[in-house]
Every structure is written in structure tokens, then in C-alpha cells.
Amino acid sequence: MKPDIHPDYHEINLIMTDGSTFKTRSCMGKAGDTLRLDIDPKSHPAWTGVQRIMDTGGQVAKFNKKFAGLGIKKAP
């Protein structure tokens, strides 16, 4: 391997969505920094199998309003 081209690989603290913490190794930040996760395997639908819509800032409502007319037409 070439010297001085690889990033510093050090230990950081990781905080899961439920508040649990653990140490891992990463190139992020500096040694001892903390990374707080918004989505992790305990809360993401891909791992939990539970789907839920999170309307952050009204994005789902905005989408529904914009595309409300695109749907199956009702019979008279």
C-alpha cells in the first residue's frame, strides 16, 4: 500500500435511535466523536417489516395535494 493516502481509521461512539450506544471504528470525524443515527436497523422498515409514513415538514401532505387529481375516476 502507498503511504499517506489512506484516511485515519479510529474509534467513534454511535448512538442508536433508542438511545443505546456502542463504539465502532470509522473514518468519520476525529477519534472519540459521536455519530447519532436517525434511522437504524431497530427502526427502519427494511429490517422491522413495519411500514409507517413519517410526514416530516408536511412532505406527504404536499405530495397528496399536488397529485390528488391523478387517480381512478369515480363513476357518475
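Q: How many aromatic pairs does a search of the whole structure find, and how is a pair of aromatic rings described?

A: In general, a pair of aromatic rings is described by the distance of the centres and the angle of the planes. In this model, which is a predicted one, a search of the whole structure finds one aromatic pair. Phenylalanine 63 and phenylalanine 67 form that pair, with 4.9 Å from centre to centre and 45 degrees between the planes, and the arrangement is tilted.

Q: Why does phenylalanine 67 count as partly exposed?

A: Partly exposed covers the range between the limits for buried, under 20%, and exposed, over 50%. Phenylalanine 67 has a relative accessibility of 33%, and therefore it counts as partly exposed.

Q: How do the strands of a sheet pair, and what is the order of the strands in the open sheet here?

A: The general idea is that strands of a sheet pair through backbone hydrogen bonds, either parallel or antiparallel. Here the open sheet has three strands in the order β2-β1-β3, and its pairing is mixed. Because β2 and β3 stand at the edges and each has a single partner strand, one side of each is left without a neighbour in the sheet. On average, neighbouring strands of this sheet are turned by 35 degrees against each other, with direction ignored.

Q: In which sense do β1 and β3 pair, parallel or antiparallel?

A: Strand β3, residues 34-36, pairs with β1 in the parallel sense, over three bridges. In this pairing leucine 14 stands opposite leucine 35 in β3.

Q: Where does leucine 37 lie, and which residues does leucine 37 touch?

A: Leucine 37 lies in the loop between β3 and α1, the latter being residues 45-48. Leaving aside residues up to four places away in sequence, leucine 37 touches Leu14, Ile15, Met16 and Thr17. Leucine 37 and glycine 19 are 18 residues apart in sequence, and their C-alpha atoms are 9.5 Å apart in space. With a relative accessible area of 22%, leucine 37 is partly exposed.

How values were computed: Residues are numbered from 1 along each chain as its sequence is written. This is a predicted model: local features need pLDDT of at least 70, side-chain atom pairs count only at pLDDT 80 or more; totals for chains, interfaces and linings use all residues. Side-chain values use heavy atoms; hydrogens and water are left out. Two strands pair if DSSP finds at least two bridges between them. Helices (H or I, at least four residues) and strands (E, at least two) are DSSP runs, numbered from the N terminus. Buried means under 20% relative accessible area, exposed over 50%, partly exposed in between (1.4 Å probe, protein chains only). Contact means heavy atoms within 4.5 Å. Axes are lines fitted to C-alpha atoms, for helices over the stretch in contact, and angles run from 0 to 180 degrees between N-to-C directions. Rings of Phe, Tyr and Trp (its six-membered ring) pair if their centres lie within 6.5 Å; planes under 30 degrees apart count as stacked, over 60 as edge-to-face and the rest as tilted.
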